[in-house]
Amino acid sequence: MTEKLRLLFLCTGNSCRSQMAEGWTRELRGDQIEPYSAGVEVKRLDSLAVGVMAEVGVDISSQRPKHVSEVMHIPFDYVVTVCSHARETCPFFPGEARKQHVEFDDPPYLTQGMADGEEKLAVYRRVRDEIRRFVSTLPDALNFAEDSYEPTGIR
């Protein structure tokens, strides 16, 4: 058996997008990839992200937000930034970690001021599904030479 790829999804607060990406990767590619998530800051796990993932049978409720400093000791093969703030502030990772950027909209930001309900959930579901489409392309999508990759159908 070959060793699993170690992949870190890095976001600003590690509360929503990177958590969903970790959950999807564990669910869809757990046989090939050992996923982690962290943030350049740490915020509370987003309850709406937990809810929309549960709708599709992926439980991320036991995942916890982590600061990137908590995972710096792990020899990652890839660090995937999922927001531009993390991309700009991504620290140096020792070893052979390759950095790649895949931009996903920020549901908490986009839904500021919206009343709780279907309109708000629709934003979370859209981003959840975009992340799923990207994760379903792994690990092949990680072999691109460019630093940034946007899978077909994401935008």
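**View A. The sulfur of Cys 83 has its closest cysteine sulfur in Cys 11, 3.8 Å away, which is too far for a bond.** This is a predicted model, in which local features need pLDDT of at least 70 and side-chain atom pairs count only at pLDDT 80 or more, while totals for chains, interfaces and linings use all residues. Residues are numbered from 1 along each chain as its sequence is written, and side-chain values use heavy atoms, leaving out hydrogens and water. A disulfide is a covalent bond between the sulfur atoms of two cysteines. Here it is counted as a pair of cysteine sulfur atoms within 2.5 Å, and the structure holds 0 of them. For Cys 16, the closest cysteine sulfur is also in Cys 11, at 7.7 Å, too far for a bond. Both Cys 83 and Cys 16 are buried, each with a relative accessible area of 3%. Buried means under 20% relative accessible area, exposed over 50%, and partly exposed in between (1.4 Å probe, protein chains only).

**View B. Thr 12 lies in the loop between strand S1 (5–11) and helix H1 (17–29).** Helices (H or I, at least four residues) and strands (E, at least two) are DSSP runs, numbered from the N terminus. With a relative accessibility of 14%, Thr 12 is buried. Leaving aside residues up to four places away in sequence, Thr 12 touches Gly 39, Val 40, Glu 41, Cys 83, His 85 and Ala 86. Contact means heavy atoms within 4.5 Å.

**View C. Helix H1 and its cover.** The 13 residues of H1 reach 17 Å from first C-alpha to last, close to the 18 Å expected at 1.5 Å a residue; the expected span is 1.5 Å times one less than the number of residues. Among the buried residues of H1 are Arg 17, Met 20, Gly 23 and Trp 24. Their cover includes S1, strand S2 (33–39), helix H2 (47–55), helix H4 (107–110) and helix H5 (118–135).

**View D. Met 53 is in helix H2.** Is Met 53 buried or exposed? Met 53 is buried, at 0% relative accessibility. Beyond residues up to four places away in sequence, Met 53 touches Met 20, Gly 23, Trp 24, Val 58, Ile 60 and Arg 128. Gln 19 stands 34 residues from Met 53 along the chain, and their C-alpha atoms are separated by 9.9 Å.

**View E. H2 and H5 cross at roughly 65°, with axes that come within 10 Å.** Axes are lines fitted to C-alpha atoms, for helices over the stretch in contact, and angles run from 0 to 180 degrees between N-to-C directions. The crossing is right-handed, a term used when the near helix is turned clockwise from the far one by less than a right angle, with left-handed for anticlockwise. On the H2 side, Leu 48, Ala 49, Val 52, Met 53 and Glu 55 meet Lys 120, Leu 121, Tyr 124, Arg 125 and Arg 128 in H5. The 18 residues of H5 should span 26 Å, and the end C-alpha atoms are 25 Å apart, which agrees. Buried residues of H5 include Lys 120, Leu 121, Tyr 124 and Arg 128.

**View F. The whole chain for orientation.** The protein chain has 5 helices and 4 strands, in the order β-α-β-α-β-α-β-α-α along the sequence. Of its 155 residues, 48% are buried.
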